[in-house]
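Here are some notes to read beside the structure. They are numbered so that each can be checked in turn.

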Amino acid sequence: MNALDISSITFRYEEASVFALKNVSLSVPDGRIQALLGPNGAGKSTLMRIVTGQMRGYTGEVSIFGTKMPDRSALLSIGYAPQPISLYTSLTARENLRFFGAMAGLKEEQIGLRTKNLLERVGLSDHAEDQVATYSGGMQRRLNLAAALLHSPKLLLLDEPTVGVDPQSRNHIYDTLLELNAAGMTILLSTHIMEEAQRLCSSVTLVDKGEVIFNGPMSGISDLEKFFLEKTGRGLRDD
Amino acid sequence: MINQLKELIKKEMLILLRDKQTVLLLFLMPVALIFFLSLAMEGVWADKLTGRKIQLVIQNESESPKANLLAEKIRTNKLIEEVQRPAGMNDDKIFAEGRAHAIITIPKGFEDSEKPVEMYFDPVIDAGYKIAARSLIISLTVEVVMGIDNLEMVVADLVTEKKKPNKEFPTPLQQNVPAYAIFAMFFIAIPMSVGFLKEKKDGTLQRLFTYPVNTNLVILGKIVPYYIINVFQFILMMLVGVYVMSHIISFSFNLGEHRWHMVPVTIVVAAATTGYGVLVAAFAKTTEQASTLAATGAILMAVFGGIMMPHILMPLMMKKLAMISPMYWAHQAYLDIFLRDASFGDILPRLIILTVFAGICFYIAGRRVKWI
């Protein structure tokens with residue numbers, strides 16, 4: 001069974017003249033790390049928002065481990081770390097994780113145990129009681145990832161998880177993702193860092209102007225950046 | 001589901017209470033306003049409304065028996081307080097330093113009706129106050145000249161005053177405590193709308209919807225904490241009014257016979273204020289817009305609604321205009337309880353108007369708000 005099946009998704013934002021997504025279809029097999037690449041404005045984040053139940057008004061179908069959206073119970077199978085640091089900065093790391101754990105329907109004991117484990121895993125145990133506003137960019141990114149992992153999802157959607165972080169935090173995040181995948185978690189990774197995609201992912205989906213323009217294994221691509229520019233062109237994107 | 005709601009409320013409370021500026025705005029600002037404005041109003045109330053004694057310098061230049069009798073009648077009148085002229089101080093300086101309201105001179109020749117009693121008033125004295133003082137001196141002079149012991153008793157069959165306790169005019173505390181409690185309660189719209197827009201901007205609200213959380217639960221989680229804060233604001237202001245301010249200024253804070261009617265009024269006022277908050281959140285596009293819109297709206301409602309200027313002192317046109325402000329209905333409901341011992345039936349129309357206001361706010365916001 002595929003972790004994620006997206007079939008013929010078409011979507012246009014209110015008052016927009018062009019479609020953000022046009023007849024997009026892709027599948028992510030269970031247990032894989034798949035890259036979702038594309039220039040700015042290609043539609044990657046919109047696609048992720050549709051999959052995570054944030055957007056309505058699209059046509060097409062989304063299935064998560066066989067459960068069709070908008071059945072919101074499917075959302076419990078997904079962990080989502082959005083590109084902006086989506087955390088409450090005046091709350092501590094522990095309070096943030098506790099809150100998101102409760103939203104995922106976890107019980108008190110589960111939240112306590114998993115919060116402890118995750119804070120250790122992302123290297124934030126010593127800062128668990130500090131307000132997130134006092135964290136560095138790298139620490140916030142790691143906590144952003146931890147919040148997505150709290151309810152032990154089977155499919156992890158990551159939207160540029162290493163943007164703006166130092167090499168130490170970036171490598172820590174890479175190691176964490178590889179460990180999670182080795183433990184059976186499926187990951188869909190949206191990124192602009194080609195080296196990151198090539199290092200972590202076994203397959204790649206390339207989208208541009210709301211359409212899938214390539215879908216295939218990473219193994220056949222020797223230089224991902226060159227391949228990306230060949231497929232999407234060298235012209236600047238302003239949107 | 002209950003646990004989710006509990007956590008949503010807890011999260012909102014923690015964010016709110018960790019923002020020191022918001023806490024100052026919601027709790028310290030109204031306390032300070034009540035404190036300073038009640039002190040400021042104390043003097044005005046004493047002068048204009050409760051008849052503070054008229055302070056007079058009495059100059060008896062005649063020293064004749066008639067003049068002495070008049071001077072004594074003025075001196076011993078219960079509405080008059082005699083002030084001694086400081087040595088060498090002229091009339092203008094006495095007024096400039098606020099030592100007296102008027103100077104009464106009984107000249108030589110008064111006893112033979114050759115010269116009249118002279119009254120010299122402080123030029124900035126209130127006109128009504130001046131008329132009252134003038135009438136009093138005239139009455140006392142007539143008594144002495146005509147040889148009447150008590151003019152008021154003589155004319156009692158012709159003119160009499162019907163008295164009843166003043167149930168219309170609030171004391172400074174009865175005016176200011178509910179007024180600035182309501183004012184601060186409406187200021188909840190600032191943290192409420194700013195918090196909502198900040199969550200949208202930060203992406204935390206969007207993230208919330210990636211979990212299987214009911215939208216109605218999220219709405220409740222956004223409203224209930226502010227509702228609770230509103231109720232606490234009112235309780236705090238009342239405690240300040242009853243237990244602190246009533247010991248500081250000379251006016252009492254009578255809560256009326258049906259003080260428990262404050263409970264339904266506060267519940268409805270809090271619904272109106274949170275409704276206003278969600279309305280601002282639904283219309284504002286940025287946090288800056290939200291805070292400006294919420295504050296400006298609250299200040300305008302206060303200006304019109306008899307919060308900053310007591311409704312009873314407003315000219316007729318402004319009194320009618322006041323009715324467009326929900327703060328007017330809220331304030332009048334509290335004044336009904338404090339001044340008029342209003343029954344629940346008496347305050348019900350005001351509660352219905354506030355409920356309709358809240359309902360309209362929630363309805364418009366519900367149709368307009370974009371959660372993501």
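1. B:Cys361 has a relative accessible area of 3%. The cut-off for buried is under 20%, so B:Cys361 counts as buried. Keep in mind throughout that this is a predicted model.

2. As for disulfides, a search of the whole structure, over all chains, finds 0.

3. Next, the nonpolar cores. The largest one has 132 residues. Which residues have the most contacts inside it? They are A:Leu37, A:Leu143, A:Leu156 and A:Leu177 from chain A, with B:Met327 and B:Phe338 from chain B. Helix 11 of chain B, residues 262-283, supplies the largest share of this core, with 11 residues. In soluble globular proteins, nonpolar side chains tend to be buried together.

4. Look at A:Leu37 in more detail. Neighbours within four places in sequence are left aside here. Its contacts then include A:Lys44, A:Thr191, A:Met194 and A:Ala197. A:Val204, A:Thr205, A:Leu206 and A:Val207 also touch A:Leu37, as do A:Leu224 and A:Phe228.

5. Helix 5 of chain A covers residues 167-182, which is 16 residues. From first C-alpha to last, helix 5 of chain A reaches 22 Å, close to the 22 Å expected at 1.5 Å a residue. Its buried residues are A:Ser169, A:Ile173, A:Tyr174, A:Thr176, A:Leu177 and A:Leu180. Why do they sit on the same side of helix 5 of chain A? Because they cover an arc of only 165° around the axis. On the other side of helix 5 of chain A, A:Gln168 and A:Ala182 are exposed.

6. What covers those buried residues of helix 5 of chain A? The cover includes three strands of chain A: strand 3 (33-37), strand 7 (155-159) and strand 8 (186-190). It also includes helix 3 (108-121), helix 4 (137-149) and helix 6 (194-200) of chain A. After helix 5 of chain A comes A:Gly184, with a positive phi near 110°.

7. A:Thr115 belongs to helix 3 of chain A. At 3% relative accessibility, A:Thr115 is buried. Residues up to four places away in sequence aside, A:Thr115 touches A:Arg94, A:Leu97, A:Gln110 and A:Leu150.

8. Turn to strand 3 of chain B, residues 102-106. Of its 5 residues, 5 are buried, so the strand is largely enclosed by the rest of the structure. B:Ala102, B:Ile104 and B:Ile106 are buried on one side, and B:Ile103 and B:Thr105 on the other. In a regular strand the side chains alternate between the two faces of the sheet.

9. Which strands pair with strand 3 of chain B? Strand 1 of chain B (residues 54-60) runs parallel to strand 3 of chain B, joined by 5 bridges. There, B:Leu56 has B:Ala102 as its bridge partner. Strand 4 of chain B (residues 118-121) pairs with strand 3 of chain B in the antiparallel sense, over 4 bridges. B:Tyr120 is the bridge partner of B:Ile103.

10. Finish with B:Tyr328, in helix 14 of chain B (residues 326-340). Is B:Tyr328 buried or exposed? Its relative accessible area is 6%, so B:Tyr328 is buried. Leaving aside neighbours within four places in sequence, B:Tyr328 is in contact with B:Gly305, B:His311, B:Ala322, B:Met323 and B:Arg350. B:Ala272 is 56 residues away along the chain, and the C-alpha atoms of B:Tyr328 and B:Ala272 are separated by 12 Å.

Definitions and conventions. Residues are numbered from 1 along each chain as its sequence is written. Chains are lettered from A and ligands numbered from 1 in the order in which they are written. This is a predicted model: local features need pLDDT of at least 70, side-chain atom pairs count only at pLDDT 80 or more; totals for chains, interfaces and linings use all residues. Side-chain values use heavy atoms; hydrogens and water are left out. A nonpolar core is a set of buried Ala, Val, Leu, Ile, Met, Phe, Trp, Tyr and Cys residues joined through side-chain atoms within 4.5 Å. Buried means under 20% relative accessible area, exposed over 50%, partly exposed in between (1.4 Å probe, protein chains only). Helices (H or I, at least four residues) and strands (E, at least two) are DSSP runs, numbered from the N terminus. Contact means heavy atoms within 4.5 Å. The expected span of a helix is 1.5 Å times one less than its number of residues. The arc is that of the directions from the helix axis to the C-beta atoms. A disulfide is a pair of cysteine sulfur atoms within 2.5 Å. Two strands pair if DSSP finds at least two bridges between them.
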